[in-house]
Amino acid sequence: MTSRTHAVAEERDLAGALAGVLFLTAGVTALGMLVLPGVEHGHKEAVVALAAVCVGWGLFCVTLAQPERHGAWFWHVPAAGSLFIVAGVAASTGGADSPARFYLFFLLVYAGYFYRRHEALPYVLGCIPVALLPLLYDGEAVGDGYIGEVIVVCPAYVILGLLMIKGKELLVSLRERAEALALLDPLTALPNRRAMIDWLTAETERESPTGLILVDLDGFKDVNTAHGYPAGDAVLRETAARLIGAVRQGDVVARLGGDEFAVLAPDANTDAMRALADRVLESLRDLHHEDVRVTASVGWVIYPDDAPSVDDLIAAADFCLRGAKMTGKDRALSSLDWAPDGGDAVAA
């Protein structure tokens with residue numbers, strides 16, 4: 001959304017639908033007050049007009065609105081207008097005695113949850129003058145104890161609004177942490193396979209030349225067999241550190257799982273990728289644990305030269321990697337070195 005009112009795109013539809021439900025509820029219940037005993041009915045025309053506005057906007061929100069396409073007006077114009085609607089319905093149905101003043105809780109909850117702090121605070125504070133208005137035009141408000149009510153209710157509005165804002169900020173923070181952890185490999189702290197695919201997808205959508213290197217360790221299983229999984233974990237962490245040291249600034253190193261890693265290189269070309277693949281290979285050449293020597297096999301490709309999509313790019317890189325494995329390991333091959341029909345490979 002243009003104004004970035006909602007930090008999470010998935011909430012826009014919910015926000016639009018809830019806005020519709022709240023306006024419909026306010027409109028229908030305002031009309032209902034016209035037939036309830038004990039509620040002032042002297043300004044029916046005003047109540048009907050304001051209720052019609054609420055019902056009309058509510059129906060638009062739940063049927064025709066497309067929240068992801070609307071600008072800031074879709075969220076802020078009706079929210080600001082609701083303050084005037086509440087004030088008008090309250091004044092038309094009894095002032096200090098009108099149940100309509102409690103519609104302010106609708107706005108507090110909605111703005112506190114869906115709007116960012118700097119956008120929600122004006123609505124939270126705006127509830128206070130609306131609550132105080134009956135003291136200006138309702139001559140019986142003071143005698144009926146309305147001052148005592150606003151002394152209690154106005155701080156309650158502020159506290160509730162701030163709690164909603166703080167609670168939403170906490171939820172967003174927890175969600176962002178969970179999403180960040182879901183994209184990290186816990187052993188090496190590198191991005192994981194999902195993060196790699198997300199990054200590749202973003203690069204292909206930009207139609208930017210992008211290099212992909214797949215790395216598979218040779219002899220790694222012997223480390224686990226001879227020295228146990230803690231030793232294998234140490235080798236994986238060392239591999240991650242060496243790969244980070246070998247790549248260019250701006251490249252991304254990811255762990256795909258097991259002893260498989262990837263390097264993602266933006267703005268790639270053939271010469272740069274060949275040089276990068278050689279550095280990756282050389283950085284892992286003396287990787288060992290005690291008596292077990294570990295090297296690496298590498299396959300690399302470039303989008304869009306070698307494949308038109310993310311899935312095809314990964315498959316092409318994997319094909320080159322398998323070629324390196326099949327022809328002696330400890331080498332880096334590209335599609336230029338490893339023929340698709342399974343022909344002879346040439347060491348990079």
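Before you click, note that the model is predicted: local features need pLDDT of at least 70, side-chain atom pairs count only at pLDDT 80 or more, and totals for chains, interfaces and linings use all residues. Residues are numbered from 1 along each chain as its sequence is written, and side-chain values use heavy atoms, with hydrogens and water left out.

**Stop one: helix α8**

Select residues 193–205, which make up α8. Helices here are DSSP runs of H or I with at least four residues, strands are E runs of at least two, and both are numbered from the N terminus. The 13 residues of α8 reach 18 Å from first C-alpha to last, close to the 18 Å expected at 1.5 Å a residue (the expected span is 1.5 Å times one less than the number of residues).

Now show side chains for Ala195, Met196, Leu200, Glu203 and Thr204, which are buried. Buried means under 20% relative accessible area, exposed over 50%, and partly exposed in between, with a 1.4 Å probe and protein chains only. These five cover an arc of only 165 degrees around the axis, so they sit on the same side of α8; the arc is that of the directions from the helix axis to the C-beta atoms.

**Stop two: aromatic rings**

The structure holds 13 aromatic pairs. Rings of Phe, Tyr and Trp (its six-membered ring) pair if their centres lie within 6.5 Å; planes under 30 degrees apart count as stacked, over 60 as edge-to-face and the rest as tilted.

Zoom to Tyr110 and Phe114, both in helix α4 (residues 104–114), four residues apart, about one turn of the helix. Their ring centres are 4.9 Å apart with planes at 45 degrees, so this pair is tilted. Tyr110 also pairs with Tyr115, edge-to-face, at 5.8 Å centre to centre and 85 degrees between the planes. Tyr110 and Tyr115 are buried.

For a cluster, select Trp57, Phe60, Trp73, Phe74 and Trp75, which ring pairs link together.

**Last stop: Gln249**

Gln249 is in the loop between α10 (229–246) and β2. Buried or exposed, by its relative accessibility? Gln249 counts as exposed, at 84%. Draw a distance from its C-alpha to that of Ala265, 16 residues apart along the chain, and you get 9.4 Å.
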